[in-house]
Amino acid sequence: MKRHICIHGHFYQPPRENPWLEEVELQDSAQPYHDWNQRITAECYAPNSASRILDAEGRIVDIVNNYSKISFNFGPTLLSWLEKHHPGTYAKILEADAESMKRFSGHGSALAQPYNHIIMPLANRQDKETQIIWGIRDFVHRFKRQPEGMWLPETAVDLETLDLMTDMGIRFTILAPHQARRVRGPGKSDWQDVSEARIDPKTPYFCTLPSGRTMSLFFYDGPVSREIAFGGLLNNGEIFASRLFKAFGKDAKDDQLMHIATDGETYGHHHANGDMALAYCLHHIESNNLANLTIYGEYLEKHPPNREVEIFERSSWSCVHGIERWRSDCGCNSGSHPGWNQAWRSTLRYGLDWLRDSLSGIFESGLSQHLATPWQARNDYIDLVLDRSHENLNAFLTKYQIEELSPGQRIKVLKLLEMQRYAMLMFTSCGWFFDEISGIETIQDMRYAARAIQLAKEVSGLDFEEAFLKIMEKAHSNNTVYLNGREAFEDQVKPMVLDLLRVGAHFAISSLFRGYPEKFRIYCYSAESAKYEQLEMGWQKMALGQTRIISDITQESTIVTFAVLHLGEHNFIGGGRYCAGEACWTEAHGAIKSAFMRGDISRVISLIDQHFDSHDFGLWHLFRDEQRSVVTQILDKTLQEIENNLRRLYSDYYPLMLAMRNLAIPLPEILSTTVKYVLNKDLTAVFKEETIDMDRLGKVLQEIRRWSAQIDTSTLGSLAGARINNLMNRMESAQGVKSLVLLRELETLFNGLEGLNLHLDLWQAQNIYFSLIHTVFKDMQRKAEQGKEEAAEWVSGFVRLGDYFKLRMI
């Protein structure tokens with residue numbers, strides 16, 4: 001009997017993009033990160049691509065890519081985000097799959113996933129088919145191979161879904177042990193009841209499907225998986241490995257597969273440093289020959305299933321009631337809000353099902369006028385989502401169009417296809433998973449629904465919003481802020497709905513605070529300024545312009561003429577309209593400019609009201625990130641005045657404060673706060689300089705010790721860590737003796753930071769250092785042995801730097 005271990009991680013985040021911008025906007029709840037994708041990447045996805053193995057003294061002895069040794073799946077929408085915002089981590093994930101194929105007999109670690117994590121048994125057949133096709137196409141686009149297995153969202157399963165998966169070449173999936181109903185061995189006619197998670201998880205099974213085809217199924221070890229996700233197994237990698245080993249049967253004669261499955265975020269996000277526990281677990285298993293590490297595809301090739309299984313249809317891993325968590329008040333919830341109910345789930349499910357079916361009619365009737373096979377075109381639309389180049393768009397339309405399309409018809413076709421994309425995104429499972437209809441996950445699904453409703457109205461003239469909101473009125477909220485889902489929609493969804501005029505308003509206002517080239521992009525829109533003029537009179541500023549806005553998604557375009565006046569602080573008055581041509585520009589521009597230059601602000605306001613249909617441009621027209629940036633700029637002047645006043649206080653009362661200190665008299669709170677603020681600003685300024693002035697740093701630290709001032713360790717640690725990472729990036733590029741100056745600066749910086757007790761994020765710097773050990777260090781060491789002085793200095797300095805990074809030289 002041979003023992004095999006497979007660890008599966010389901011890495012997934014719900015799509016968080018603003019449906020009108022195709023970008024994740026600022027999320028304050030994710031501080032200090034920009035958004036939750038950024039935060040979880042820093043805590044989990046990136047660390048698992050370069051995880052640390054430590055010795056007994058806590059020093060790094062190796063850095064490994066966990067993904068290359070485990071089975072994993074990433075949600076396609078998450079991979080799309082990683083590709084754009086964290087290309088390094090994204091590349092490591094792809095590299096891991098390629099590396100795993102060498103390790104696991106030609107089988108890759110990565111599995112596919114239905115596109116946007118909908119509960120497949122609750123979807124209609126057409127959506128099931130498209131979700132599987134999109135998941136596979138996205139996988140092939142990224143990993144450059146066909147997937148062998150596919151992870152089902154929430155492991156929610158029914159036979160129709162499995163049949164569709166086999167039809168598209170998927171060989172296996174992974175389920176929870178309680179999803180197995182009964183089994184029978186080879187040649188046996190009698191079934192054995194294995195309900196209530198009594199199935200043996202150490203062997204694969206096959207499930208016979210309605211089509212006559214079969215699907216291989218793996219049922220993970222439930223108790224151990226729960227200990228990893230919710231217990232303390234990730235506190236120690238060796239104990240983690242020991243627990244996996246102990247799960248093997250002692251008297252088994254056949255080979256056994258011990259395998260577990262959890263959310264991938266368990267390894268770092270849910271459990272801090274969980275990636276390191278996983279890395280050490282894998283290291284301990286391999287180095288002590290406890291078992292053979294494998295993945296499902298490899299194990300399936302060498303151990304084809306000979307036992308048949310029947311499953312409980314419409315079951316899942318995270319709802320003991322089957323799939324009720326995504327359509328009823330079954331009792332499954334986060335447990336954070338005793339007394340709340342989730343009766344709203346059934347209403348939301350009904351409302352979105354109704355909307356999907358209503359939109360399907362518009363899609364079929366609208367698209368069949370221009371494309372030969374509308375639903376097949378939807379299945380293939382993923383190829384355009386992955387590559388929106390003009391060449392790919394033309395190839396797609398050429399393949400399906402009944403006859404050559406006009407520009408307006410092309411826009412209509414793209415809007416209909418986008419409508420269907422959002423009609424699927426609105427079913428993302430997280431919208432039902434948590435406790436409240438006004439929660440961010442449910443609101444996100446409603447935003448997708450709103451975008452689909454908007455597109456339907458634009459192409460057909462039919463408006464489904466009011467009918468949908470009538471349904472949402474019956475979805476009662478637990479939150480005292482909202483009575484029901486309608487109120488939550490009107491407060492959190494409706495203000496986000498935008499058109500091309502709103503994009504023009506964003507440009508008009510933001511152009512007063514930063515420069516734009518003649519051609520530029522605003523999220524998923526391209527823009528070109530035909531005319532633009534900015535005027536200033538004291539602290540009042542004005543922008544007048546005419547700009548073409550084009551949607552990169554639907555190709556829709558328009559020209560927006562605008563005027564916006566900044567009266568100071570947060571006060572704006574502006575307007576815009578769809579208007580092209582010289583006459584339109586001349587009509588508004590001349591009169592408004594003339595009034596502004598005369599200082600006749602009341603006349604300017606009157607002319608804006610007169611010339612522009614939409615004349616309420618203000619801060620709320622800015623998209624969230626730019627809104628925060630503009631407000632910060634507006635505040636800068638005020639904050640600088642406050643800082644100047646505090647510095648005067650500090651300077652004027654310094655002798656008195658010093659006398660009080662010598663007399664052991666505590667400073668009044670207003671003075672102690674002033675001291676803390678001024679010294680922390682001085683310390684921050686030191687680290688923002690291009691080159692750190694160590695003398696100045698020493699003087700500031702001396703003052704901090706004198707007054708026992710509390711250091712803003714969060715801000716300073718972030719600045720210092722960024723400086724170190726930047727220096728290491730430059731050192732990697734320079735390499736060799738040329739990097740000696742940078743090495744000296746790093747050592748000086750670390751010396752200056754001693755005693756400050758800062759938390760430094762050195763993950764990136766450590767990765768570079770580790771890489772240099774295996775690339776540059778040996779060459780420099782050889783040159784040092786040949787008597788080259790600069791090389792010898794480099795080697796000794798590099799070794800000392802390793803002490804700061806807590807990296808052991810191998």
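Which residue forms a salt bridge with Asp552? The close-ups below, taken from a predicted model, begin with that pair.

**View 1. Asp552 and Arg521 form a salt bridge.** The partner is Arg521, and the closest N and O atoms are 2.5 Å apart. This pair links distant parts of the chain, 31 residues apart. Asp552 sits in the loop between β16 (540–551) and β17 (557–568), while Arg521 belongs to strand β14 (residues 519–522). Asp552 counts as buried, at 19% relative accessibility. Arg521 counts as exposed, at 54%.

**View 2. Lys531 and Glu582 form a salt bridge.** Their closest N and O atoms are 3.1 Å apart. Lys531 lies in strand β15 (residues 525–537) and Glu582 in helix α19 (residues 582–597), so the bridge ties together parts 51 residues apart in sequence. Lys531 is partly exposed, with a relative accessible area of 23%. Glu582 is also partly exposed, at 47%. Elsewhere, salt bridges with shared partners join Glu22, Arg388, Glu418 and Arg421 into one network.

View 3. Arg486 is buried, with a relative accessible area of 14%. Glu490 is partly exposed, at 34%. The model's salt bridge count comes to 55.

**View 4. Gly339 lies in a loop.** The loop runs between β13 (308–311) and α10 (344–367). Gly339 is exposed, with a relative accessible area of 80%. Asn478 is 139 residues from Gly339 in sequence, yet their C-alpha atoms are 8.9 Å apart in space.

Notes
Residues numbered from 1 in each chain as written. Predicted model: local features only at pLDDT ≥ 70, side-chain atom pairs only at ≥ 80, totals over all residues. Heavy atoms only, no water. Helix = DSSP H or I, 4+ residues; strand = E, 2+ residues; numbered from the N terminus. Buried < 20%, exposed > 50% of the residue type's maximum accessible area, 1.4 Å probe, protein only. Salt bridge = Lys/Arg side-chain N within 4 Å of Asp/Glu carboxyl O.
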